[in-house]
Amino acid sequence: MLKNSRLAVALATAGIAVSAALAGCSSSGGNGAGPSTVVTSGGHSAAAFPVTIDAANGSVTLDRQPSAIVSLSPTATEMLFAIGAGDQVKAVDKNSDYPAEAPKTDLDAYQLNAEAVAGYRPDLIISAGLTPAQMKQLTALHIPVLDEPAAQNLDGTYDQLAQLGQATGHEDEAAAEVTDLKAQIAQVTKTVAASGPHSYYYELDQTYYSVTSTGTFIGQVLATLGLHSIADAAKGAAASGGYPQLSQEYILNSDPDYVFLADTKCCKQTPESVAKRPGWPKMSAVQDGRIVALDDDIASRWGPRIVDLMKTVAQAIQEHPTA
C-alpha cells in the first residue's frame with residue numbers, strides 16, 4: 001500500500017482511486033441580506049456583496065462577506081492568508097501547516113466529518129476536490145461551499161487566488177498577489193532560460209511514482225524552467241493521468257540530468273539515501289550532485305509558495321549545471 005499522503009492527493013487529482021488511509025454542495029446558504037459594502041481589517045474597501053463565484057462545484061453565491069471561514073485545503077489556507085483574509089479564517093484542516101498562525105484543528109478532509117465542520121459555525125467552507133459523497137455531506141449543512149481543486153497550471157493558481165479574493169472581499173489584495181507572483185516567476189525563469197533543456201526524474205515516493213511534463217501541475221511548472229520529465233515516455237504514462245509508477249531499471253536507463261525528491265518528509269528520502277540505492281551511483285545526477293531535495297508540502301500545493309519551489313530548482317540548475 002502506498003504510504004505517501006501527498007501522493008494520494010496527486011493520484012486522486014488524476015482520477016486514480018486510492019485508499020482513504022493514504023491521507024496526507026453547489027448551493028449556498030442564504031441569510032436574506034441585501035447588497036452591502038464592507039471595509040476589511042486592512043482598510044481596503046471590499047467588493048459589494050452578494051457575489052456569485054463560478055467554482056468547480058458550480059455557482060456559489062455569498063450574500064455577505066464571510067467572517068467565519070473553514071478551510072479544508074492546505075493550499076486554500078495559504079492563499080487566504082496571502083491575500084489578507086487570514087482574520088476571517090476560524091478553522092483549518094489538520095494538514096494546513098502554513099502559515100504558522102493558521103488555526104489548525106483535527107478536521108480531516110480525507111475522513112470528512114460534516115458535524116465537526118459545522119461545529120465551527122462557518123459561513124463559508126473552502127475545500128479542494130470534494131468527492132460526490134463529501135459534497136452531499138456539506139451541502140446538507142446549508143452552508144456555502146467553495147470547491148477549489150488542484151490547479152492544472154499556473155493560470156489555475158491565479159484564477160483561484162482571484163476567486164478567493166472575490167469570495168472574501170479581498171479582490172484588490174488577490175490581484176496584487178497574482179501580479180507579484182507573476183513577476184517573481186518571470187524573474188526565476190529568466191535566470192535559467194538559456195540553460196535548458198534538461199531531463200529530470202521527479203520522485204513522489206520511494207516506490208517510484210513520478211509525474212509527466214504536460215499532464216500534471218508540477219510538470220508544467222518545471223517546464224517553464226526548461227525541464228522535461230523522463231516519465232513522459234514511460235509505458236502507461238497517459239493512462240495514469242500523468243502520474244505513472246516507474247521502475248528502477250527505467251530510471252537508471254533514462255539517466256536523468258536531475259533528480260527531484262518530493263518525498264523528503266513523508267518517506268525520509270535524501271540525496272545520500274538515494275545514492276545508496278542499487279545501481280544509482282552510476283547515474284550522472286548522483287555522480288555530479290544533481291539530486292535536489294524539495295519540501296514535500298510546498299511541492300504538493302499550487303499556492304503562492306510555488307515560486308519558492310521554482311527558486312530551489314533554479315538554484316540547483318545554476319549551481320550544478322549539466323556538462
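Author: Let's start at Asp255, which sits in the loop between α8 (248-254) and β9 (258-261); helices (H or I, at least four residues) and strands (E, at least two) are DSSP runs, numbered from the N terminus. Keep in mind that this is a predicted model, where local features need pLDDT of at least 70, side-chain atom pairs count only at pLDDT 80 or more, and totals for chains, interfaces and linings use all residues. Residues are numbered from 1 along each chain as its sequence is written, and side-chain values use heavy atoms, with hydrogens and water left out.

Asp255 has a positive phi, near 45°, despite not being a glycine. With a relative accessible area of 30%, Asp255 is partly exposed (buried means under 20%, exposed over 50%, partly exposed in between, with a 1.4 Å probe and protein chains only). His142 is another non-glycine residue with positive phi, near 60°. You'll find His142 in the loop between α4 (132-139) and β6 (145-147), and its relative accessibility of 63% makes it exposed.

Now for the prolines. Tyr98 and Pro99 are joined by a cis peptide bond with omega near 0°, and Pro99 belongs to the loop between β4 (89-92) and α3 (114-118). The bond between Phe49 and Pro50 is cis too, with omega about 10°; Pro50 is in the loop between α1 (5-13) and β1.

Follow the chain into β1 (residues 51-55) and you get an antiparallel pairing with β2 (residues 58-62) over five bridges; pairing takes at least two DSSP bridges. The two strands make a hairpin with two residues between them, and Ala55 faces Gly58 of β2.
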